[in-house]
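User: I'm new to this structure and would like to learn how to read it. Could you walk me through it one feature at a time?

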Amino acid sequence: MAAAKQVVRLAAGLALCAGSAAHAAPRPDFDRGADAGAVLEQLRAVEPPSVGGTESASGGGDVWITIGKSDLVGPAGAGTALGAPAASSKRAALYKVPADRLAELSHLMHEKFGRCGGFFAYETREEAEADLFAPPASKGGPYTLDQEAVVRPAAAAVKEGELRSTIETLAAFETRYYQSDTGVQASAWIQERWRALSATLPRASVAAVPHGWKQSSVVLTIPGSEKPDEIVVLGGHLDSISGWGFLRGRSPGADDNASGIAVLTEAIRVLAQAGFAPKRTVQFMGYSAEEVGLRGSKEIASRYAQQGKKVVGVIQFDMTNFKGSGDGIWLLEDNVDPELTAFLGKLVDAYAGVPWATTRCGYGCSDHASWTRSGFPASAAFESTFDGMNHSIHSERDTLANAGGNAAHSVPFARLAAAFAAELAKSAGTPSAHGR
Ligand code: BES
Ligand code: ZN
């Protein structure tokens, strides 16, 4: 227990991932090769706790992680400081680590490399290896803009109060940590809410997607009437995180990422109200376990790739309500499909009523990266520049009050979500049969 205590004490003195110190601290010089070995050494030095707090036995054991060579430790062989990987490809190396150490690994990487996360976790070696050698992204376009008849009324119906109410409800769960009971309850609440809202959408159904841990992902499917095998995905993570070790503290996650789930929820509401009936299949996804290595989305995206599903476009909403760089929407430029991202710019211009610009995370910072790695065209819309981000995330300070007490900044994101669903899936009975 002494070693575990030591890590808890060490952590208490460090900024949480993506917290203010991430930018205040000088970034390490990747090109000269940071001491990456210390990361896994510290990881291995920690004993597991004897009693598990909110952690359960399920989700334990070892997992496989891939770490992007250029993404994380830089060129010039710095990756070798991690020890010999179990396998490696041009872009990444593979390691086996205990699953219940992932949060610590994320934290230590942040400390050592000024990165948040920077690794992908998988349940099996096969999945991890498949990712190491994943094919380049397939194109989903051409994307066309001709669905004003449904998008205009839907966009006009977006209400700040609806967004705010979803954020408040989700932030009120003690935590939405992926191994907590309240995290399970939050997932169940989203299922019920989406079920109620989609009652008038044609043949819509809501399913819980179980994983090898407590909290399920949530998927709402509206089957396409003409091209049901072509899928449009809108997603955001439903879990939250804060604190350290196994006794996770209060994690409201109002911005990260109740705000993204609120955007999806509002898009469902206004699309249903506008009588939307898609040609292609539309799926709204609330992912579990994003905060511990994009694990929920990783499972779903790699399963879709294995099953040969045709995903024509993915959009990720992760953090939409903090006005860190003024009004507008920032489109991520890394780990995304450039053509789809350019189309998002057109959708914002046409329907969102705010300006847009681009920014970069610099690493696979959210679930869009899972889809990109599985070969699908993915995009992501963010609340600010990366530098202007909300520094209260991953702490008990990530509340609605911290974002001004309202959901005004999320309104254009909900309009964009409705536009994305309608313009990529197209409405049944409308003439554009070929474009997306
Ligand atoms: N919403 C964040 C990612 C983020 C933070 C984007 C700040 C832009 C600015 C997300 O929930 C998150 O925390 N992701 C993890 C990913 C990791 C576990 C692979 C991260 O960044 O540490
Ligand atoms: Zn987060």
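This is a predicted model: local features need pLDDT of at least 70, side-chain atom pairs count only at pLDDT 80 or more; totals for chains, interfaces and linings use all residues.

User: What is the mean pLDDT of the protein chain?

Analyst: pLDDT is the predictor's confidence in each residue, from 0 to 100. Here the chain has a mean of 83, with 77% of its residues at 70 or more. Helices (H or I, at least four residues) and strands (E, at least two) are DSSP runs, numbered from the N terminus. Among these elements, helix α1 (residues 2–12) has the lowest mean pLDDT, 26, while strand β8 (residues 280–287) has the highest, 99.

User: Where does pLDDT stay under 50?

Analyst: One such stretch is residues 1–38, which have 71 contacts beyond four places in sequence. Another is residues 46–58, with 33 contacts of that kind. A contact means heavy atoms within 4.5 Å.

User: How many aromatic pairs are there?

Analyst: Rings of Phe, Tyr and Trp (its six-membered ring) pair if their centres lie within 6.5 Å; planes under 30 degrees apart count as stacked, over 60 as edge-to-face and the rest as tilted. That rule gives six aromatic pairs. One of them is Tyr177 with Tyr178, edge-to-face at 5.1 Å centre to centre and 85° between the planes. Tyr304 and Trp371 are also edge-to-face, with 5.6 Å between centres and 80° between planes. That pair links distant parts of the chain, 67 residues apart: Tyr304 is in helix α11 (residues 295–306) and Trp371 in helix α13 (residues 368–373).

User: Is Trp371 buried or exposed?

Analyst: Buried means under 20% relative accessible area, exposed over 50%, and partly exposed in between (1.4 Å probe, protein chains only). Trp371 is buried because its relative accessible area is 0%. Tyr304, at 8%, counts as buried too.

User: Which strand pairs with strand β10?

Analyst: Two strands pair if DSSP finds at least two bridges between them. Strand β10 (residues 329–332) pairs with strand β11 (residues 356–359) in the parallel sense, over four bridges. For example, Leu331 has Thr358 in β11 as its bridge partner.

User: What do β10, helix α12 and β11 make?

Analyst: A crossover is right-handed if, with the strands pointing away from the viewer, the path from the first strand over the helix to the second runs clockwise. Together, β10, helix α12 (residues 338–352) and β11 make a right-handed β-α-β unit.

User: Which residues is Phe382 in contact with?

Analyst: Phe382 sits in strand β12 (residues 378–382). Leaving aside neighbours within four places in sequence, its contacts include Ile329, Trp330, Leu332 and Thr359. Phe382 counts as buried because its relative accessibility is 7%.

User: Where is there a cis peptide bond?

Analyst: One joins Gly141 and Pro142, with omega about 5°. Pro142 lies in the loop between α6 (125–132) and α7 (148–156). Another joins Asp256 and Asn257, with omega about 10°, and Asn257 is in helix α10 (residues 254–273).

User: What is phi of Asn335?

Analyst: Asn335 has a positive phi of about 60°, although it is not a glycine. Asn335 is found in the loop between β10 and α12.

Terms used
Residues are numbered from 1 along each chain as its sequence is written. Chains are lettered from A and ligands numbered from 1 in the order in which they are written. Side-chain values use heavy atoms; hydrogens and water are left out.
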